[in-house]
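Here are my notes for your read-through of this one.

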There are 2 protein chains.
Amino acid sequence: MSRTPKLSDVAQHAGVSVPTVSRVLREVRNVDPELKDRVLLSVKALGYQPNRLAKSLREQRTGIIGYLSAGDIATFHHILAQGIQNAALDHGYAVVTGHGSTLEREMMYAKIFSGYQVDGLVVIPSSTGDPYLEELAQQIPVVEVDRTFGAYSRHSVLLDNRSAVAGAVDHLVALGHRQIGLIYGNIPVSTEVERKEGFVDRMQHHGFPLRPEHLISDGFSEEGGVRAAHQLLQLGEPVTAVVVTTNEMLAGVVRAIRSLGLSIPRDLSLIGMDDTRWVQMMEPPLTVMAQPAYEMGYEAGRLLIRSIQDQDHEEAFPRVRRLPAQLIIRQSTAPPREVPSMST
Amino acid sequence: MSRTPKLSDVAQHAGVSVPTVSRVLREVRNVDPELKDRVLLSVKALGYQPNRLAKSLREQRTGIIGYLSAGDIATFHHILAQGIQNAALDHGYAVVTGHGSTLEREMMYAKIFSGYQVDGLVVIPSSTGDPYLEELAQQIPVVEVDRTFGAYSRHSVLLDNRSAVAGAVDHLVALGHRQIGLIYGNIPVSTEVERKEGFVDRMQHHGFPLRPEHLISDGFSEEGGVRAAHQLLQLGEPVTAVVVTTNEMLAGVVRAIRSLGLSIPRDLSLIGMDDTRWVQMMEPPLTVMAQPAYEMGYEAGRLLIRSIQDQDHEEAFPRVRRLPAQLIIRQSTAPPREVPSMST
DNA sequence: TTGTAGGCGTTATCAC
DNA sequence: GTGATAACGCCTACAA
């Protein structure tokens with residue numbers, strides 16, 4: 001007998017045929033109760049565990065989904081991954097994970113996933129031009145999460161970025177701010193594009209003239225945030241409030257504000273994105289738009305699995321699912337100071 | 001022809017036999033250069049991709065390793081996971097991930113990994129009594145990382161917890177502190193045990209009398225940190241410095257210190273564990289013992305894969321690999337204030 | 001050097 | 001209701 005027992009071992013032990021054991025285990029068709037008992041006893045006795053590999057090969061489906069993340073290593077994407085994990089677990093799938101924030105790595109993982117015959121893929125895309133991913137997307141369902149380029153998949157689970165930023169703007173406007181700046185990342189990813197557009201739209205909705213110099217984009221990093229903040233805050237006509245679209249840049253903005261000797265929220269109101277711990281522990285705790293990271297992950301996993309199991313009715317599915325952000329008001333936002341040059 | 005081309009399709013296309021194609025692709029044995037070219041051309045033409053499932057079934061090894069994490073969702077374990085991912089990628093393995101911080105989920109994942117025939121497993125154990133994990137560990141190599149119960153595996157990659165805490169103590173002692181408190185988690189996990197022991201040993205090494213009331217343990221959470229800090233700081237004979245063994249509790253300790261109106265480091269020096277962003281963004285930035293999270297993950301992955309590929313020489317391997325922490329001095333530690341009651 | 005045959009562990013199709 | 005038999009895609013003898 002081999003190292004681990006297989007169906008034929010159980011069959012021999014129980015004195016029945018291999019297919020009978022298989023049928024008992026899968027509870028398919030009727031099996032004589034007595035034989036069934038004998039089989040189950042033998043399974044217990046031998047400690048039989050089914051081999052998913054053989055099952056997968058035979059059934060032409062692995063029960064594995066891929067998760068390819070190009071996200072940064074901050075908390076948001078980690079929590080999102082938990083959501084996917086749990087959705088998979090709840091539906092009997094396993095997750096093989098890859099992390100690739102460059103096109104090269106994304107391509108490597110696309111090949112790997114393809115080789116492992118994953119049944120579907122959740123992806124936070126890093127680029128818009130991965131030929132392997134495109135090919136994969138034609139063979140199996142792919143769900144984009146967090147960001148989209150619209151190229152790979154028919155389905156996506158995204159934040160309602162426009163509403164999120166609009167909510168931030170509304171909050172600041174209600175406090176009395178009129179000169180509001182936006183700091184965002186300069187890479188053409190959907191989140192950044194939508195957040196910027198949402199900002200512009202909402203400012204116009206409120207009838208505020210839009211000053212191009214109040215929209216600053218820079219690198220998607222802490223350093224980018226530092227540079228953008230310096231640029232924005234050293235204008236002749238400074239803003240009284242700033243919205244920052246990414247957590248990474250937010251950290252840089254905070255550092256810059258400190259180094260300029262400005263006080264939050266006395267001199268400047270600040271709204272960030274993503275409710276991480278440091279945002280809560282800071283002095284003062286920051287007002288942010290919180291993303292439902294776990295829910296986004298779970299929803300992406302669930303949508304993918306439904307998509308896998310339902311490939312016929314595919315067309316009926318929604319293509320894009322938007323989840324709302326939540327404004328969490330802390331102490332980094334307050335009414336603007338009276339500006340002497342304007343009030344006198 | 002089936003949906004995706006297989007070896008026989010390539011063979012037919014190239015006008016050779018199946019094993020020839022296989023041999024060309026695996027670059028094993030000599031193949032006539034002309035046939036080889038024809039085969040490679042056909043592979044390209046058909047877009048053939050090997051099916052790992054069949055390969056795995058045949059070879060009795062999957063090239064998949066499991067990663068079971070019972071870690072929290074803070075940054076440390078996420079970075080560690082990146083290390084494992086990259087070690088796997090570098091050696092041609094894929095990673096299927098599970099997250100289970102309870103015994104129940106740990107058992108579920110152990111079964112899943114077993115079913116997928118993973119070649120090995122890296123685990124941050126959540127408990128000491130998972131029968132499925134124990135069984136799995138007898139069949140495939142298992143490496144514990146971050147913490148150990150010593151029950152599942154012969155190998156582990158851990159922080160040098162004793163030295164880490166000793167370094168923190170030394171730093172505080174050099175600043176002039178004598179009354180140093182320790183706040184640690186009250187669950188019997190190796191990290192907490194070792195850190196506490198390291199603290200006690202080092203205090204005794206310096207010849208300072210150890211006061212039991214200066215060693216406070218509480219729940220492994222922010223709330224636990226709050227409670228522990230209140231308990232420690234409201235003693236008759238208060239400490240001038242505190243070492244906190246976990247990031248979660250550290251957040252609670254900071255909150256408690258603030259609510260008590262104490263100033264860091266004027267009234268109290270503070271050293272934490274784990275160099276996360278919030279620790280850097282805080283006012284003042286905290287002095288911490290930084291863990292080499294990525295390296296720990298990579299090392300665990302590498303050790304596991306070596307272990308998988310080298311099952312014969314297994315015995316020669318080291319059982320425990322300790323990686324050093326690094327003291328990062330920021331502004332939460334300073335000499336203690338002169339205590340009037342003692343100096344006058 | 002190349003091809004043929006058999007098997008990895010499972011499920012599906014058919015007789016019985 | 002049950003048991004042979006074939007097949008999933010690949011690799012490894014062994015024979016040609």
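1. A word you'll need before we start: two strands count as paired if DSSP finds at least two bridges between them. With that in hand, look at chain A, where six strands form an open sheet in the order S7-S6-S8-S9-S10-S12, with mixed pairing. Bear in mind throughout that this is a predicted model.

2. Which strands stand at the edges of that sheet? They are S7 (215-218) and S12 (326-328) of chain A, and each has a single partner strand, so one side of each has no neighbour in the sheet. Going from one strand to the next, the twist averages 20°.

3. Now zoom in on one pair. Strands of a sheet pair through backbone hydrogen bonds, either parallel or antiparallel. In chain A, S8 (residues 241-244) and S9 (residues 269-273) go for the parallel sense, over three bridges.

4. Helix H8 (residues 161-175) of chain A touches S6 (180-185), S8, S9, S10 (287-290) and S12 of chain A, and its direction makes about 165° with that of S9(A). Then there is helix H11 (residues 247-259) of chain A, which lies across S6, S7, S8 and S9 of chain A and runs at about 155° to S9(A).

5. Helix H1 (residues 7-14) and helix H2 (residues 18-26) of chain A have axes 8 Å apart and pack at an angle of about 100°. That makes H1(A) roughly perpendicular to H2(A). On the H1(A) side you'll find A:Leu7, A:Ser8, A:Val10 and A:Ala11, which meet A:Val18, A:Val21, A:Ser22 and A:Leu25 of H2(A). Sorted by class, this contact has six nonpolar residues, two polar ones and no charged ones.

6. Have a look at H2 in chain B as well (residues 18-26): its buried residues are B:Thr20, B:Val21, B:Ser22 and B:Val24. These buried residues of H2(B) pack against helix H1 (7-14) and helix H3 (33-46) of chain B.

7. Setting aside neighbours within four places in sequence, A:Glu299 is in contact with A:Val157 and A:Arg321.

8. The other one is A:Arg38, in helix H3 (residues 33-46) of chain A. A:Arg38 is partly exposed, with a relative accessible area of 33%. Not counting residues up to four places away in sequence, A:Arg38 touches A:Ala14, A:Gly15 and A:Val16. A:Arg38 and A:Val16 are 22 residues apart in sequence, yet 8.9 Å apart in space, C-alpha to C-alpha.

9. Last, step back and view both chains. How can chain B be laid on chain A? A turn of 180° and a shift of 0.1 Å along the axis does it, with an RMSD of 0.1 Å. The two copies are thus related as by a two-fold rotation axis. As for where they meet, 98% of the interface residues of chain B are also interface residues in chain A, so the copies use the same surface.

Key
Residues numbered from 1 in each chain as written. Chains lettered and ligands numbered in written order. Predicted model: local features only at pLDDT ≥ 70, side-chain atom pairs only at ≥ 80, totals over all residues. Heavy atoms only, no water. Least-squares fit on C-alpha atoms with pLDDT ≥ 70 in both. Contact = heavy atoms within 4.5 Å. Axes fitted to C-alpha atoms, helices over the stretch in contact; angles between N-to-C directions. Helix = DSSP H or I, 4+ residues; strand = E, 2+ residues; numbered from the N terminus. Parallel < 35°, antiparallel > 145°, perpendicular 65-115°, else oblique. Nonpolar A, V, L, I, M, F, W, Y, C, P; charged D, E, K, R; others polar. Buried < 20%, exposed > 50% of the residue type's maximum accessible area, 1.4 Å probe, protein only.
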